[in-house]
Amino acid sequence: MTRPRQNLILFAAVAALALCALAPRAAHAQAKGRIYVSDVEFGAYSSEKEMAQAIKKQSKTTIKEEGGTWPLNLMVFLSAAPGADKINIVYYDLSKKNEQVDFSEVGVKPDQKIVLLNGQAASKEKGFVKGHRYDIRATRLIGGKEKVYAKATITLK
């Protein structure tokens, strides 16, 4: 093999490795600002690739009622670090012109960008209605205004 050809092969190999290293970052960048919802708990993952595959496999936009409640497990990818030790998970009923139905306060680290919330539930007692669509938003109130860090839309069946 000639020297220029060896250099070309070496360059191609290095470029391929660099692209592989950037792939998880690109997948994470695509998830920023999104909340993934599942009726099954999200687990702990050894790599971003494994996490991305699991999220893709188990995420749903429609959640079925189970015994009077709708199980909600959330994987929240904040668009930016919250800069505070708490965020709100707020539920808005889209069938009632964005009426707030429920919210919960969640402890986070100020520089945290991924929040895992397993074991949440929506219920009729909290004001949720079967067949309605809901926005789920990860927010903070800053200066009296709601700053949205991530969101998702689901339907309860």
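Guide: Start with H132. H132 is buried, because its relative accessible area is 17% and the cut-off for buried is under 20%. Keep in mind that this is a predicted model. H132 sits in the loop between strand 6 and strand 7. Leave out residues up to four places away in sequence, and H132 touches D93, S95, K96, I154, T155 and L156.

Now step into strand 7, residues 133–142. R140 lies there. R140 is buried, yet it has no salt bridge. The nearest side chain of opposite charge is D85, 7.4 Å away. A polar atom of the R140 side chain does lie 2.5 Å from the backbone oxygen of P82. Beyond four places in sequence, the contacts of R140 include P82, G83, A84 and K86. K145, E146, K147 and Y149 are also among them.

Next comes the largest nonpolar core, with 26 residues. I35, V37, L74 and I89 touch the most other members. Strand 1, strand 3, strand 4, strand 5, strand 6, strand 7 and strand 8 each supply at least two residues of this core. Strand 8, residues 145–156, gives the largest share, 5 residues.

L74 is found in strand 3. L74 is buried, with a relative accessible area of 0%. Its contacts beyond four places in sequence include I35, V37, I89 and I136. Y36 is another of them. L74 and Y36 are 38 residues apart along the chain, but their C-alpha atoms are separated by 5.7 Å. I89 in turn is in contact with L74, F103, V106, L117 and I136, among others, leaving aside its neighbours within four places in sequence.

A second, separate core has 7 residues. Y36, F42, I55 and M75 are among them.

I55 leads us to helix 2, residues 48–58. M51, A54, I55 and Q58 are buried there. They are on the same side of helix 2, because they cover an arc of only 100 degrees around the axis. On the other side, K49, K56 and K57 are exposed. The buried residues of helix 2 pack against strand 1, strand 3 and strand 6. Strand 3 is also where L74 is found.

Terms used: Residues numbered from 1 in each chain as written. Predicted model: local features only at pLDDT ≥ 70, side-chain atom pairs only at ≥ 80, totals over all residues. Heavy atoms only, no water. Helix = DSSP H or I, 4+ residues; strand = E, 2+ residues; numbered from the N terminus. Buried < 20%, exposed > 50% of the residue type's maximum accessible area, 1.4 Å probe, protein only. Lys, Arg positive; Asp, Glu negative; His and termini not counted. Salt bridge = Lys/Arg side-chain N within 4 Å of Asp/Glu carboxyl O. Polar contact = N/O pair within 3.5 Å; in protein donor to acceptor, adjacent residues only side chain to side chain. Contact = heavy atoms within 4.5 Å. Arc of directions from axis to C-beta. Core = buried A, V, L, I, M, F, W, Y, C linked by side-chain atoms within 4.5 Å.
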